[in-house]
Amino acid sequence: MATLQGFLDTIEYFGGDDGYRCGYCKNEKGNFSHGMWSHTMTVQDYQDLIDRGWRRSGKYVYKPIMNKTCCPQYTIRCHALKFQPSKSHKKILKKISKFISKGELPKGQDDGDYDMVPLLLSLLWGAGVGADASRPPCRKAKDLRKERRLQKEQMRQDADGVSSSPSPAQTNQPKPLEDFISDSLPDNSSHCLEVRLVPVSLEDPQFAATYEQSAALYARYQMAIHGDDPSECSESEFRRFLCDSPLEAEYSPDGPEMGYGSFHQQYWLDGRIVAVGVIDILPTCVSSVYLYYHPDFASLSLGSYSALREIAFTRQLQKQSPKLSFYYLGFYIHSCPKMRYKGQYRPSDLLCPETFVWVPIERCVPHLENSRYARFNQDPDAGDARVLKDVGRALVLYRRTVMPYAAYTRKRKGPTDETEVQQYAGLVGQDCAERILLYRA
C-alpha cells in the first residue's frame, strides 16, 4: 500500500460499448473506441500508449476498436532521418517561397495559378487602426534580412548533422529537407515568416501573451474550414481541446533542450500568428496533435508545409536526443480517401493492431485494399510483447490509497468490476497497468 505522493499518472476508464457518429463516413453510430480521462501522465507512459494505438484529444485519451469501428484508424509514423520530400512536397515549398518573396498567393489549393496581393496583409489585419499592443515592435528590413540569413545558416548546419555529407551535390546525395525549407525563406523578401516554439502553459510569458490571438485564430479556422458553430469553437473549447494536456513537462540530461511535453509551434507572418501546430515532444518522437491556420492562407497548403517543418524539427531534436527520431502523424485511415495523404511522408510504418509492431506502409496497403481491418504482422505465431499477464498487479487508486488490484478486490464491497479492469489493463498492456493509477470510486 502507498499514498498518492510520488505517483504522476491517474486515469478514469470509460469503456467503449456505445457507438457514435463517425466524422469520416458520417455513419451515425458506427464509430467505436475505448476512452479514458487522464488527469496527469508522464511522457514515457503516453509514448507507450500511442505505441499501442492510443491518441489524445486534450486530456481525453482514446483507442479505436479496430475490428468494430466503421473507419479503422491506424497509428502512422515517419522515419524523420530518412525522409526525402516528394515532388508534391517540393511544389508546396516553392509555393511558400513565391509568396514570401513576391507576395504571390495561389488562387486555389493546388492549381498553380497565382495572383499578386501586395495589399493582402493590410486588408487582413486592418489598416490605420493604430499600434497593436499584442504584436511585437516593428523591426527594420535590414534586421529582418539578417535574421533570415541566420535562420538559413542554422538550417544548413542542422542538415549537416543529418546528412552523411555536407555537400550533397558533389557526392550525388539527395538534397536534404532543411535546404528545401531554407530555400523557401529567401532574403530580400516581401514578407517575413518565422516559427516560434512555446510550451503549453499559461505560466509561460509568450504563451500567455498570445493566448487570445491564438484562440481567435482557432475559432476563425474551425468556422471557415470545418463549418463549426461559434459555440463549438469557443475559448473554453479551444482550451479544452488544444491547451489542456495531461503531459507533465519533463527534462532529461540526454533529452531535448526545451524538454518533453506539449507545445504550440506558432507561425508568425509579419508580426501576426497565421498558423499554429500543436505537438507533443516525447522520448522517441514528435507527435502531431492538430493544426489550425488563417483561412485566407488555405491555398498555401499549410497543413503539408507544417508537417515538413515538424519533420525537420524532429531531425533537429534527434541531434540532442538520439532516441528521438520519429514523427507521428496521428491516424492513417485508408477507408477514407482524403485521409490517405499521411501515407505520402515516406518512409513510414503503420502499427499492427494485434501485435503492436511497426510494419512498412508498402506492405500494409495491399491488405487494406482487400479489407478495412487487417493484421499487418504476417507471422501467425507473433503476439503482443506487453500482453496482460496478471491483472492483480495493475495499480488502482482507491480512497486516496495506491494498491495493486488484487488488494483492492479484497477491500471492495459490492459487485465485481474485474471484467472492466481486465479490459482496461489489456488495452494499456502489463507495463503501463503497473505504472498508471486506475481510479476506483
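Which residues of the largest nonpolar core touch the most other members? In this predicted model, select Met36, Tyr290, Tyr292, Tyr305, Leu350, Phe376 and Tyr424, which have the most contacts with other members of that core. The core holds 109 residues in total. Next, colour helix H9, residues 302-320, which supplies the largest share of the core with eight residues. As a general background, nonpolar side chains in soluble globular proteins tend to be buried together.

Now centre the view on Tyr290. Leaving aside residues up to four places away in sequence, Tyr290 touches Tyr218, Tyr221, Gln222, His226, Phe241, Leu242, Val276, Gly277 and Val278.

The next stop is the sheet. Select its eight strands, which form an open sheet with mixed pairing in the order E9-E10-E11-E12-E13-E6-E14-E15. At the edges are strand E9 (193-199) and strand E15 (358-360), each of which pairs on one side only. On average, and with direction ignored, neighbouring strands of this sheet are turned by 35° against each other.

Within the sheet, select strand E10 (residues 261-269) together with strand E11 (residues 272-281). These two strands run antiparallel and are joined by nine bridges. For one of the pairings, display Ser262, whose bridge partner in E11 is Asp280.

Helix H7 (residues 205-225) lies across E9, E10, E11 and strand E12 (285-293), and runs at about 65° to E12. Helix H10 (residues 361-370) lies across strand E6 (74-79), strand E13 (326-332), strand E14 (348-351) and E15, and its angle to E15 is about 85°.

Return to strand E12 and select Val289, which lies in that strand. Is Val289 buried or exposed? Its relative accessible area is 12%, so Val289 counts as buried, the cut-off being under 20%. Apart from residues up to four places away in sequence, Val289 touches Arg55, Arg56, Val278, Ile279 and Asp280. Display Tyr328 as well: the C-alpha atoms of Val289 and Tyr328 are separated by 9.0 Å, and the two residues are 39 residues apart along the chain.

The tour ends at helix H1, residues 43-50. Seven of the eight residues of H1 are buried, so this helix is largely enclosed by the rest of the structure. To see the buried residues of H1, select Val43, Asp45, Tyr46, Gln47, Asp48, Leu49 and Ile50.

How values were computed:
Residues numbered from 1 in each chain as written. Predicted model: local features only at pLDDT ≥ 70, side-chain atom pairs only at ≥ 80, totals over all residues. Heavy atoms only, no water. Core = buried A, V, L, I, M, F, W, Y, C linked by side-chain atoms within 4.5 Å. Buried < 20%, exposed > 50% of the residue type's maximum accessible area, 1.4 Å probe, protein only. Helix = DSSP H or I, 4+ residues; strand = E, 2+ residues; numbered from the N terminus. Contact = heavy atoms within 4.5 Å. Pairing = 2+ DSSP bridges. Axes fitted to C-alpha atoms, helices over the stretch in contact; angles between N-to-C directions.
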